[in-house]
Amino acid sequence: MSRVVYVNGEYIHEEDAKISIFDRGFLFADGVYEVAAVIGGKLIDNDAHLRRLERSLAELKMGCPVPVADIPHIQRELVEVNLLDEGMVYLQVSRGVADRDFSFPKVEKPSLVVFTQDRPVSSSPKAARGIRVISQPDIRWARRDIKTVQLLAQSLAKQAALSAGADDAWMVEDGFVTEGSSNNAFIITTDGVLVTRQLGTDILHGITRRAVLDIAKQENLTIEERPFTIDEVHAAAEAFSTSASAFVMPVISMDHKTISQGVPGPITQKLRERYIELAMESAT
Ligand code: PDD
């Protein structure tokens, strides 16, 4: 079935949707995006995603063609018209169309594209068995806190993982894990301490990361926000990643070394269940 998508003010079928070859998102990766999960036709943590969109736009001095407060209306319209029960809504703002020039256009007319994707998120077979990750050098730019569409380094890292027979890559810089190809990385030490890298310009400030840390606090887990090494991952009791597209995803090996006896750990499973419960309760 052909989806209805949103392109610059119009709701149209995907085969009719067009963006100019001069769009700066296409030519310069001069665009930012957000992905919000949908369960039961409702958006998960959407306000937080839109706040991060505003921050990404501000950091790049980019406008938005509609007030950000109007975006939920577009997202809901697409969820409804495409009868989306579970999956995600992707939205992308780019600096728009201009003749190719490194400097910003004098008159900017940003583009907004929104579409839905149908896929299981709350009950994924991968979450039940856990995923295997490999380490990959983090070759990205220095402002990973801005959610830009320049995702080639992440795509290469993910593909390297698949080619190696694994499911995902955890990126490593100066001996420390930064984050996953499209998720934040966590370990739980044998002392039961939850460790994840602190916020900064070297990782994306994950919305799911924040929610899971809040749950961990409620569960009285000790939390350390600091960098951790591959050796610490190998020695960990449990490991997992978080993202809007996979929620809490157990990690059962890194670089072919087994973690948590090769099965999803109990704390990880508890955090996943609790996250899904709370996300569904507060979905909009
Ligand atoms: N990716 N780190 C990176 C590099 C990411 O691309 C993502 C999300 C995250 C997790 O952020 P959040 O919890 O807000 O989804 C961390 C999305 C899902 C994607 O690109 O499809």
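How many Å separate an oxygen atom of the ligand from an N or O atom in the side chain of Tyr 33?

Analyst: In this predicted model, an oxygen atom of the ligand lies 2.5 Å from a side-chain N or O atom of Tyr 33. An oxygen atom of the ligand is also 2.6 Å from a polar side-chain atom of Thr 208, while a ligand nitrogen atom is 3.4 Å from a polar atom in the backbone of Ser 182. On its own the ligand has 480 Å² of accessible area, and the protein covers 91% of that.

The ligand sits in the largest pocket, and strand 3 (31-39), helix 2 (46-59), helix 6 (207-218) and strand 13 (238-243) are the elements that each give two or more residues to the shell around the ligand. Domain 1 (4-118) and domain 2 (125-282) each supply at least three residues to this shell.

Altogether 19 residues surround the ligand, and the closest are Tyr 33, Glu 179, Ile 207, Thr 208 and Ala 244. Sorted by class, the shell holds 10 polar, five nonpolar and four charged residues.

Note on methods: Residues are numbered from 1 along each chain as its sequence is written. This is a predicted model: local features need pLDDT of at least 70, side-chain atom pairs count only at pLDDT 80 or more; totals for chains, interfaces and linings use all residues. Side-chain values use heavy atoms; hydrogens and water are left out. A residue is near a molecule or strand if one of its heavy atoms lies within 4 Å of it. A polar contact is a pair of N or O atoms within 3.5 Å; within protein, one must be able to donate a hydrogen and the other to accept it, and residues adjacent in sequence count only if both atoms are side-chain atoms. Accessible areas come from the Shrake-Rupley method with a 1.4 Å probe; for residues, only the protein chains shown count as cover. On a 1 Å grid over the protein atoms alone, a cavity is a set of points where a 1.4 Å probe fits but cannot get out, and a pocket is an open set with protein on both sides within 12 Å along at least five of seven lines; lining residues have an atom within 4 Å of a point. A molecule sits in a cavity or pocket if more than half of its atoms lie within 2 Å of its grid points. Helices (H or I, at least four residues) and strands (E, at least two) are DSSP runs, numbered from the N terminus. Ala, Val, Leu, Ile, Met, Phe, Trp, Tyr, Cys and Pro count as nonpolar, Asp, Glu, Lys and Arg as charged, and the others, Gly among them, as polar. Domain bounds come from an automatic or database domain assignment.
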